[in-house]
Amino acid sequence: MGNPRTGNREFDVPEHSAPSHPPAGSRPPPAGSGGTAPDPPPGGDWRRGYREVMAVREFRAIWVAHALSMSGGYLLSIAVSALVYDRTGSALATGLTMALTFLPQIVGGPLLSGLADLFPRRRVIVVSEVARGLLVASIGIPGLPIPVIWVLLFCSILPTVPFSAARAALMTDIVQGERYVAGSAIINITSQVGTLIGLVAGGALVALLDPHATVLIDGLAFLLSALVIAVGVRARPAPITEGGGARRPSLWTLTREGTLLVFRDSRLRSLALFGWLAGFYMVPYGLANPLASEVGGGAAAAGLIMAGPSIGAVLGGLVLTRLVSPGPRVRLVGLLAVAASLPLLAWVLHPPLWAMVALLALSGMCSSYQFVANAAFMLCVPSDGRGLAFGLVAAGLQAAQGTGIVLASLAAEFVDKYAVVTVAGALGAVAAVALAVPWSRLAPETLRGMEGAGSAAG
């Protein structure tokens with residue numbers, strides 16, 4: 001969720017799931033503050049969602065800040081890996097550097113995301129981006145030992161956890177209902193397009209400039225992101241305050257209660273598990289270089305394999321959120337989750353490169369159910385737990401993808417690579433079926449919760 005989010009919205013959650021800490025205030029801030037009208041009622045024209053959400057000034061600020069932060073993240077990964085390789089000439093050291101870009105989100109997700117519920121979310125975003133910008137710029141200081149670069153890299157990625165959680169939760173204050181679905185889709189599509197552009201543009205920039213200079217410049221992207229949020233988004237109180245006679249909970253208490261919140265609610269649990277299915281159908285992404293070698297290709301072929309899912313996700317996301325109405329869209333989550341893994345079964349036929357890319361694009365189109373699951377999850381989480389809930393699911397997604405790729409890579413050392421992908425597809429389809437069956441019962445309840453969140457906010 002991606003890609004697995006203040007206001008006091010009333011939402012019909014099981015009594016045992018709701019956090020015990022009072023949210024701030026008795027009413028949410030007006031939707032779309034900044035001169036736009038509040039969200040239309042659930043029965044309004046959902047087709048106007050994209051146009052309406054882009055008319056909201058605060059959403060545009062969040063969107064631009066997200067694009068800047070994401071671009072900076074891609075450039076950081078490329079620049080630092082190039083810097084380490086230039087210094088060491090070691091493929092192992094470079095691989096460890098890339099691995100460090102995933103680890104902080106897995107380690108920090110379950111804990112640091114709670115900061116987005118304890119403190120004002122705009123402040124969390126600004127502080128996170130400023131801290132990241134300064135840490136990233138520090139990596140570009142010439143002559144730093146490699147272990148110091150690794151420590152700075154790890155620390156520079158940790159702020160993405162509270163940043164992402166606060167950004168996703170803050171969006172539910174700014175836009176609700178179908179606007180939130182459209183806004184979430186825009187954010188996710190931006191991430192997918194950014195993946196395609198960032199991998200190419202980042203490499204070109206590193207080739208044009210010295211890696212040290214590139215990293216120093218990269219730090220400015222995060223500082224600019226902080227400035228956009230500080231200027232473009234208005235201040236709101238923290239979701240959890242010391243008002244009402246209740247003490248602010250500790251971060252550890254909040255993490256424990258947030259975990260129970262997600263996994264005791266059947267809707268939230270199912271949506272989280274739907275997100276984690278990516279660990280199966282993203283296996284070809286992790287095996288891109290070996291698969292490209294099998295068909296006689298090099299780095300360019302591996303890049304096409306890695307790009308296939310993103311191309312499909314952009315197309316599928318646009319179709320699903322622009323052409324399919326809210327009710328069928330939510331009900332299709334289970335079916336599309338199953339379909340996302342099925343194209344991998346074709347690897348048993350040892351497909352050529354063009355067929356691999358086409359099959360992965362098809363898988364990516366089906367995986368666009370993640371856009372819907374992501375929005376549904378955030379709208380169905382109580383307001384004062386959205387930041388932490390997002391962080392927990394996002395950390396699980398990172399862990400699922402990382403574990404899937406590691407296990408697949410290990411298996412590919414001993415058995416046929418095509419067989420590894422085929423088995424991953426079969427396991428993913430079976431797991432998705434196990435979730436899709438109960439989802440047919442949970443989908444209507446989830447849809448009512450999403451509509452109720454928008455109505456309460458209006």
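**Group meeting: aromatic cluster, core and salt bridges**

Let me start with two residues: phenylalanine 274 is buried, and tyrosine 369 is buried as well. This is a predicted model, so please keep the confidence values in mind. I will come to those at the end.

Back to the two rings. Phenylalanine 274 and tyrosine 369 make an edge-to-face aromatic pair, with 6.2 Å from centre to centre and 70 degrees between the planes. Phenylalanine 274 belongs to helix α12, residues 266-276, and tyrosine 369 to helix α19, residues 369-380, so this pair ties together parts that are 95 residues apart in sequence.

Phenylalanine 274 has another ring partner, tryptophan 439. That pair is also edge-to-face, at 5.6 Å centre to centre and 85 degrees between the planes. Tryptophan 439 sits in helix α21, residues 417-457, and phenylalanine 274 in α12, so here the parts tied together are 165 residues apart in sequence. Tryptophan 439, like phenylalanine 274, is buried. Taken as a group, Phe274, Tyr369 and Trp439 are linked by ring pairs into a cluster. The structure holds three aromatic pairs.

Now the surroundings of that cluster. Tyrosine 369 touches Phe274, Leu277, Tyr281, Leu320, Val333, Leu336, Ala337 and Ala340, leaving aside residues up to four places away in sequence. Which residues touch the most other members of the largest nonpolar core? Tyr369 and Phe377 do, in a core of 93 residues. Helix α21 gives the most to this core, with twelve residues. There is also a second, separate core of 17 residues, and among its members are Val80, Leu100, Leu153 and Ile157.

Staying with α21, threonine 446 is placed in that helix. Is threonine 446 buried or exposed? Its relative accessibility is 0%, so threonine 446 counts as buried. Beyond four places in sequence, threonine 446 touches Arg267, Leu271, Ala376, Cys380 and Trp439.

At the start of α12, a side-chain oxygen of aspartate 265 comes to within 2.9 Å of the backbone nitrogen of arginine 267. The side chains of these two residues also meet in a salt bridge, at 3.1 Å from N to O. Both arginine 267 and aspartate 265 are buried.

That brings me to the charged pairs. The structure holds seven salt bridges. In one of them, glutamate 58 and arginine 236 meet through their side chains at 2.9 Å, N to O. Glutamate 58 lies in helix α2, residues 57-88, and arginine 236 in the loop between α10 and α11, so the pair ties together parts that are 178 residues apart in sequence. Glutamate 58 is buried, with a relative accessible area of 0%. Arginine 236 has 8% relative accessibility and counts as buried, because the cut-off is under 20%.

Arginine 236 also forms a salt bridge with aspartate 173, whose closest N and O atoms are 3.9 Å apart. Aspartate 173 is in helix α8, residues 160-174, 63 residues from arginine 236. Aspartate 173 is buried too. Salt bridges with shared partners join Glu58, Asp173 and Arg236 into one network.

Finally, confidence. The chain has a mean pLDDT of 78, and 80% of its residues reach 70 or more.

How values were computed. Residues are numbered from 1 along each chain as its sequence is written. Side-chain values use heavy atoms; hydrogens and water are left out. pLDDT is the predictor's confidence in each residue, from 0 to 100. Rings of Phe, Tyr and Trp (its six-membered ring) pair if their centres lie within 6.5 Å; planes under 30 degrees apart count as stacked, over 60 as edge-to-face and the rest as tilted. Helices (H or I, at least four residues) and strands (E, at least two) are DSSP runs, numbered from the N terminus. Buried means under 20% relative accessible area, exposed over 50%, partly exposed in between (1.4 Å probe, protein chains only). Contact means heavy atoms within 4.5 Å. A polar contact is a pair of N or O atoms within 3.5 Å; within protein, one must be able to donate a hydrogen and the other to accept it, and residues adjacent in sequence count only if both atoms are side-chain atoms. A nonpolar core is a set of buried Ala, Val, Leu, Ile, Met, Phe, Trp, Tyr and Cys residues joined through side-chain atoms within 4.5 Å. A salt bridge is a side-chain nitrogen of Lys or Arg within 4 Å of a carboxyl oxygen of Asp or Glu.
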